[in-house]
Amino acid sequence: MMLIPCPWCGPRDETEFVYGEAALERPADPHALSDQEWTDYLYFRDNPKGEHTERWFHRAGCHHWFTVERNTVTHVISAAYPPGKAEKS
Amino acid sequence: MSRQVWRTEAGGHGIDRKQPVSFSFNQFRLEGYAGDTVASALLANGVRLVGRSFKYHRPRGILGIGSEEPNAILHIGEGARREPNTRATVQELYQDLVASSQNHWPSLKFDLGAAVGLAGALFPAGFYYKTFITSPKRWLWYEKHIRRMAGLGEPPTEADPDHYEHRNAHCDLLIAGGGPTGLAAALAAGAAGAKVILVEENPALGGQMLLAPQQVDGMSGQDWAEQARAQLDAMPNVQVLTRTSVAGVYEHDLFTLVERLGDHLAEPEAHQPRQRFWRVRASDAIFATGAIERPIAFANNDRPGVMLLSAVRGYLERYGILAGKTAVLFANNDSVYAAARELAAAGMRVEAIVDSRPFVSEAAALAKADKLHVLTGHGVTAARGMREVHGADVAPIDANGRLKGVTKTLPCDLIAVSGGWNPAVHLHAQSRGRMAFRDDLAAFVPDTDGAAYTSAGAVTGAYDLAECLQQGFAAGNAAAKALGLDSTAPTLPTATGDTVGEAPVLWAVQAPKGARCFVDFQNDVTTKDVGLAHRENYVSVEHLKRYTTLGMGTDQGKTSNVAGLAMMAAKRGQPIPAVGTTTFRPPYTPFTFNAMVGGHTGEIGNSVRRTAAHDWHAANGGVFTDAAGWARPMYYETEGLTPQQRIDEEVLAVRKSVGVVDVSTLGKLDIQGPDAAEFLDRVYTNRFSTLKVGRGRYGVMLREDGRVYDDGVTMRLADDHFHMTTTTNHSGSMFQHLEYLLQVVWPDLRVFVTPVTEQWFTAAISGPNARALLADLAPAVDVSNEALPMMGMAEGLVAGIPARIFRLSFSGEIAYEINVDADYGLALWNGILSAGAAHDLKVYGTEAMGTLRIEKGHFTHAEADGRITPDDLGLGGMVTKGKDCIGKRSLSLPDLVAPGRKQLVGFIAAEGERIPVGAQIAALDDLDAVQEALGHTTSQAYSATLGRHIALGLMKDGRNMHGRKLYALSPVLGERAAVEVVSPHFYDPEGGRQRG
Amino acid sequence: MSQRYSIWALARNALTHHESWQKAWRSPEPKPAYDALIIGGGGHGLATAYYLAKLHGMRNIAVLERGWIGGGNTGRNTTIVRSNYLLDENAHFYEHSLKLWEGLSEDLNYNVMFSQRKVINTCHTLGEREATVRRYNSMRLRGIDAEFLTREDLARLEPAMNLSMDVRYPIVCAVSQPRGGSARHDAVAWGYARGADSLGVDIIQNCEVTGIDRDPVSGAVTGVQTSRGAIKSDKVGIAVAGHSSQVAAMADIRLPIETHLLQAFVSEPVKPFLNTVVSTGAAHFYISQTDKGEVLLGGELDGYNSYSQRGTLPSVEHVIANATEMFPNIGRLRFMRQWAGVMDMSMDGSPIIGKLPVDGLYMSGGWCYGGFKATPGSGWCLAWTMAKDEPHALNAGHTLERFRTSYMIDEKGAGPYPKAH
């Protein structure tokens with residue numbers, strides 16, 4: 001069971017959270033995209049074996065979404081920060 | 001008691017001779033002492049044959065003295081508490097304990113299953129892959145018999161009467177193992193002030209110090225351990241858990257422990273859990289898990305009476321038992337000499353010390369000088385005897401165990417074996433630590449490089465007591481320092497214990513062809529099986545394990561894995577580390593499932609949500625179903641009516657007078673902020689910014705892939721304030737979805753969303769009399785069609801309770817949803833019922849509600865099944881042009897506009913026919929035909945309103961199929977109906993009734 | 001096959017103390033070039049090689065395995081075999097696979113212990129009954145076996161099952177596929193390996209593919225780089241589910257796949273008391289008893305991207321808590337071993353079997369939980385596709401391109417959220 005450092009609440013058990021998905025940026029104007037580009041966003045993923053930037057929701061806590069940098073092999077979490085913050089400081 | 005024939009006159013510091021304890025084994029009444037394990041008590045009574053092996057049903061005795069035991073596994077307990085596969089070497093004796101042996105028929109002594117063993121030549125490793133190659137039907141028959149032969153103990157047949165609990169804890173330092181190393185580490189770290197949890201699987205602390213005479217600081221190892229325990233108990237920052245195992249090491253410093261609180265009792269004390277499952281987050285950990293002695297393989301080395309040398313010593317030291325009268329001791333190290341002296345001093349005849357080493361060690365020379373019968377450069381080649389050992393064949397051997405001289409037979413009833421030790425690296429391995437191979441020990445030890453935690457003591461290959469203590473202190477100090485604590489190391493005690501000396505590895509002694517030398521006792525894996533695996537190219541460690549089942553038993557290969565690996569390495573001509581090591585997975589030793597459950601089953605594990613009127617529903621015949629975790633009444637049982645008759649009455653009441661239904665489970669979200677309207681425009685396919693205050697609108701939402709996600713009515717309470725309703729299923733995920741959009745995608749929008757499902761109780765009244773009923777309930781509210789039209793709202797007192805009244809309809813009749821503070825829900829409900837008597841009010845449940853909505857052609861998630869677009873549902877017009885929303889981009893992807901998509905239709909059954917549940921729609925009226933499904937039903941009901949069975953469903957190109965006569969088939973239920981494809985709007989398609 | 005397996009062969013070999021058995025497969029050095037290469041020595045890759053050799057006459061092929069054959073998801077799953085699917089593409093594919101299973105032991109001359117002990121799905125609400133019965137009816141219209149089970153049927157089939165209505169998830173009824181069941185997972189890999197080897201296929205273990213070589217002009221595949229040197233071939237099949245994204249990335253291809261963890265665990269072995277394979281959607285678990293007597297349990301995904309093959313706790317606790325409600329007698333059995341598999345979770349929950357947008361490159365992946373039962377069918381279809389450079393009708397729908405048109409084969413209707421499938 002992972003210990004996830006919520007930027008608002010501090011480290012909490014994984015069971016308090018819901019995983020979202022990879023930290024994708026939603027295209028600002030989907031209609032400006034070709035089908036290829038839109039389906040790239042909709043369906044295709046890097047799925048890295050290693051460092052992964054992703055979003056979690058603190059469902060049984062503060063109800064915040066936040067960004068987590070986590071290694072998909074070791075599960076070591078190197079950073080967690082509010083959405084919109086570009087990178088770990 | 002005189003019957004304890006193998007008990008010595010005195011000694012055995014683990015037992016209390018003043019407290020005899022009576023127990024039974026295979027219905028024989030026996031006696032032991034308080035402090036005994038079942039194994040020691042059986043040995044005390046001279047019982048050796050305790051079980052039958054997994055595959056060959058060979059007679060088996062006790063091999064070891066702890067959790068490594070592969071053979072002595074028994075049924076313990078009676079009735080619902082009878083537990084299979086319990087290690088006799090771990091199970092503590094209690095008064096009237098009932099034990100019985102496993103895996104034999106008709107009896108332990110005479111087991112017909114042993115025929116497999118006699119024909120064993122036919123059944124080498126993996127024989128089942130090579131035979132019974134036949135059709136699945138015949139294999140099923142063979143398999144039935146094979147299954148009966150396998151399986152060890154009998155499964156429990158009843159629910160477990162005991163209870164269990166979970167405990168979560170945090171500590172600075174978790175120490176696994178309460179032997180000398182763990183004690184020393186705990187003393188050091190504890191003295192420095194670290195918050196320590198020390199875990200020991202046995203009832204007493206001390207580890208190996210309890211199993212052989214040792215001296216620490218001038219006192220016996222046992223006394224020193226007791227002194228250490230007293231010191232630790234005096235430290236408020238140290239918690240000592242005995243009878244507790246560290247079961248698993250998980251990511252992010254999580255450890256699971258299993259504490260056995262009641263296993264040493266006939267039943268747990270009242271209000272005490274039987275076992276406690278701990279989840280401990282520890283900043284650091286020390287693995288002081290010791291080492292497990294390993295056997296040396298020789299012919300028939302599984303006979304009862306062949307034991308591990310350390311176990312034989314331990315039974316004497318701790319339990320005052322001589323495990324035989326005449327012993328042959330066989331070892332590759334010096335521990336055998338101390339053992340010989342102890343056993344001889346206690347009265348055992350040591351027939352010979354067979355020392356496999358080709359040289360005479362100092363200890364060997366001293367023993368020779370003392371006239372002990374020492375045979376160096378010799379090995380035991382075979383055990384003699386069937387159900388127990390009668391002798392040992394001994395011969396000169398070379399360093400690889402090959403015979404190089406004449407075999408002679410020595411009479412004995414005990415062969416005690418020591419082939420060195422395997423460090424118990426399991427927890428280190430579980431923590432993803434790497435292994436290093438020590439050639440001098442022929443063993444894997446934890447590789448310190450990259451290790452997450454510290455290993456100390458025998459697990460690192462330090463088999464010397466003084467070194468263990470020293471490593472323990474050092475590890476405890478280092479852990480305290482790392483925590484920033486001021487560590488003043490206690491003085492290192494002086495210690496004298498065994499010396500092991502040089503221990504050149506010997507895995508097996510050459511055996512004659514046809515003889516069986518066991519590597520894995522429990523699973524009957526022999527040295528020849530390892531050879532066969534090699535011959536057939538199952539040479540990777542994992543293939544070896546899986547092909548032969550080596551190490552896959554309940555002992556998880558604690559005494560066998562490394563030996564098997566070494567034998568394979570030898571066959572491959574490669575060093576052991578090049579061949580690899582097997583994976584160690586949790587748990588360290590098997591533990592009861594229910595400990596992990598910890599009572600979190602039923603409603604405690606999966607909570608049930610109940611509305612404010614739940615108790616009324618339950619008291620009035622409500623028959624409940626689970627809907628997204630809510631308990632919802634499907635209908636109300638009524639005497640003299642079948643469920644369908646009752647549902648019909650409920651439906652007709654709504655159509656003819658008025659009905660009330662509890663719809664509190666619908667998701668409700670309070671949405672506020674200057675950009676709330678803009679936000680709703682972006683999430684719904686249709687527009688909400690144009691909605692007038694005080695009015696509501698039905699909306700549909702899409703997933704990003706264009707499929708329908710959810711629908712519901714949202715009311716505008718103020719310019720910047722909306723009340724959104726969602727389906728019961730999506731109330732949780734909707735909140736998460738909206739928060740994602742607000743926090744991540746459009747953080748610039750000034751909107752707050754608050755989930756308020758539980759805060760409101762909602763009752764819907766619907767039917768021609770609904771307005772009159774509401775007028776009675778809310779005299780101060782103008783409920784006229786002008787003041788409160790369809791999709792309008794009002795606020796005021798209803799049944800004297802402040803309420804929001806939304807006029808909207810799921811049933812197609814005039815209907816109102818009355819929302820009040822959930823605390824007043826039951827009061828509202830009762831108020832509606834009292835006022836309703838004058839209006840022919842009837843309470844209805846989800847079944848009638850479903851029928852009413854099917855008659856109206858409203859969809860639910862049965863129709864919008866996650867594959868369906870708005871257009872498929874006939875709602876293409878609800879996707880407003882001129883604005884974007886979530887999922888809209890996908891609606892133009894090729895497959896979403898392709899011809900031939902499934903579309904929503906209605907089906908009406910021929911007179912008197914009944915549309916089966918879950919039907920497929922096809923052209924041939926034949927339940928057995930293979931034919932194309934043209935569509936399927938999604939929801940079906942008997943419509944009392946129409947007097948027909950009707951259904952909603954999805955059909956390829958459905959909107960062009962109206963009028964087609966087809967068949968609704970349910971082959972699995974053996975039911976069918978002739979149906980006609982019609983519009984999904986069966987009842988009042990123009991909607992005049994709900995607006996009236 | 002040079003040395004046939006049978007009871008007589010066992011008896012003959014018993015006389016020579018089993019010292020005359022041949023290798024089940026050879027371990028040759030890789031040749032510099034092959035007509036076709038399969039990356040991945042799991043069940044799928046070995047089956048592909050077997051069918052390429054047996055049905056399509058291609059003998060000069062090699063299977064490249066990073067570790068030991070059968071060591072990925074083939075060796076770490078819950079061994080359930082069934083074909084109870086709703087959607088056309090899946091139903092036909094999995095039924096074909098099930099038919100191959102039915103002849104597999106005899107075809108391979110290796111007992112894969114395919115045991116048609118029934119796969120039962122319990123239903124806990126009327127809504128679930130409706131959806132499940134609909135799916136099973138669709139199977140019957142396709143000629144696939146399916147049956148409805150009453151509570152009385154369940155009491156007879158699984159006496160240990162708790163049929164009380166006074167539990168959290170009371171059982172309303174169930175459905176079953178009688179031809180469904182389980183098989184011995186390792187044997188499938190070994191049987192295919194032995195079969196392929198005897199047809200001349202080189203099975204090369206400890207050979208990690210580190211790159212895919214392509215023609216600089218045409219872009220077509222020309223071979224692979226491996227830890228044991230470069231190997232040439234203009235047909236390369238990828239069958240590495242769990243790691244499909246990594247290998248496809250070597251040819252600059254992104255996939256609609258995320259990798260997730262699935263936990264499984266067993267109890268200590270006991271005498272048989274569970275007769276079938278039982279699964280429940282409402283309570284999220286499946287349970288069966290192995291021939292050794294272990295109770296084998298699995299549940300849902302851990303729910304986040306992961307390649308860690310490490311056992312975790314939350315889903316295991318959830319599974320066992322729910323399972324002890326349905327089978328109260330297992331509560332006192334002991335938890336013996338747990339493990340995790342890394343799943344290729346595709347965006348619609350269905351596999352991708354076919355050509356990739358690089359000439360000469362093919363894949364079978366995105367198996368989600370369904371990979372084990374698909375083993376024969378996947379190998380059969382991938383072999384066909386590689387041999388003919390076009391898909392068979394059975395896998396024509398399972399293309400990568402479907403994600404460009406949004407032609408989703410979405411059994412659960414869960415949408416493009418891999419963790420939800």
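A polar contact is a pair of N or O atoms within 3.5 Å; within protein, one must be able to donate a hydrogen and the other to accept it. In this predicted model, 20 residue pairs meet that rule across the interface of chain C and chain A, both residues being at pLDDT 80 or more.

**Interface of chain C and chain A**
- Chain C brings 28 residues to the contact and chain A brings 25 residues.
- About 2500 Å² is buried between the two chains, and carbon and sulfur atoms give 50% of that area.
- On the chain C side, Arg254(C), Tyr304(C) and Arg404(C) lose the most area to chain A, together 31% of what that side buries.
- Three salt bridges are counted between chain C and chain A.
- Arg404(C) forms a salt bridge with Asp40(A), with the closest N and O atoms 3.0 Å apart.
- Elements of chain C that each supply at least two residues to the side touching chain A include helix H8 (244-249) and strand E16 (295-305).
- E13(C) gives the most to that side, with five residues.
- By class, the side of chain C that touches chain A has 13 nonpolar, 10 polar and five charged residues.

**Aromatic pairs between chain B and chain C**
- Tyr129(B) and Trp190(C) form an edge-to-face pair, 5.6 Å centre to centre with 90° between the planes.
- Tyr129(B) lies in helix H3 of chain B and Trp190(C) in helix H7 of chain C, so this pair joins two chains.
- Both Tyr129(B) and Trp190(C) are buried.
- The ring centres of Tyr538(B) and Trp25(C) are 5.1 Å apart and their planes are at 80°, so this pair is edge-to-face.
- Tyr538(B) and Trp25(C) are both buried.
- One aromatic cluster includes Tyr129(B), Trp190(C), Tyr538(B) and Trp25(C).

Note on methods. Residues numbered from 1 in each chain as written. Chains lettered and ligands numbered in written order. Predicted model: local features only at pLDDT ≥ 70, side-chain atom pairs only at ≥ 80, totals over all residues. Heavy atoms only, no water. Contact = heavy atoms within 4.5 Å. Buried area = accessible area lost by both parts, 1.4 Å probe. Salt bridge = Lys/Arg side-chain N within 4 Å of Asp/Glu carboxyl O. Polar contact = N/O pair within 3.5 Å; in protein donor to acceptor, adjacent residues only side chain to side chain. Helix = DSSP H or I, 4+ residues; strand = E, 2+ residues; numbered from the N terminus. Nonpolar A, V, L, I, M, F, W, Y, C, P; charged D, E, K, R; others polar. Phe/Tyr/Trp six-rings, centres within 6.5 Å; stacked < 30°, edge-to-face > 60°. Buried < 20%, exposed > 50% of the residue type's maximum accessible area, 1.4 Å probe, protein only.
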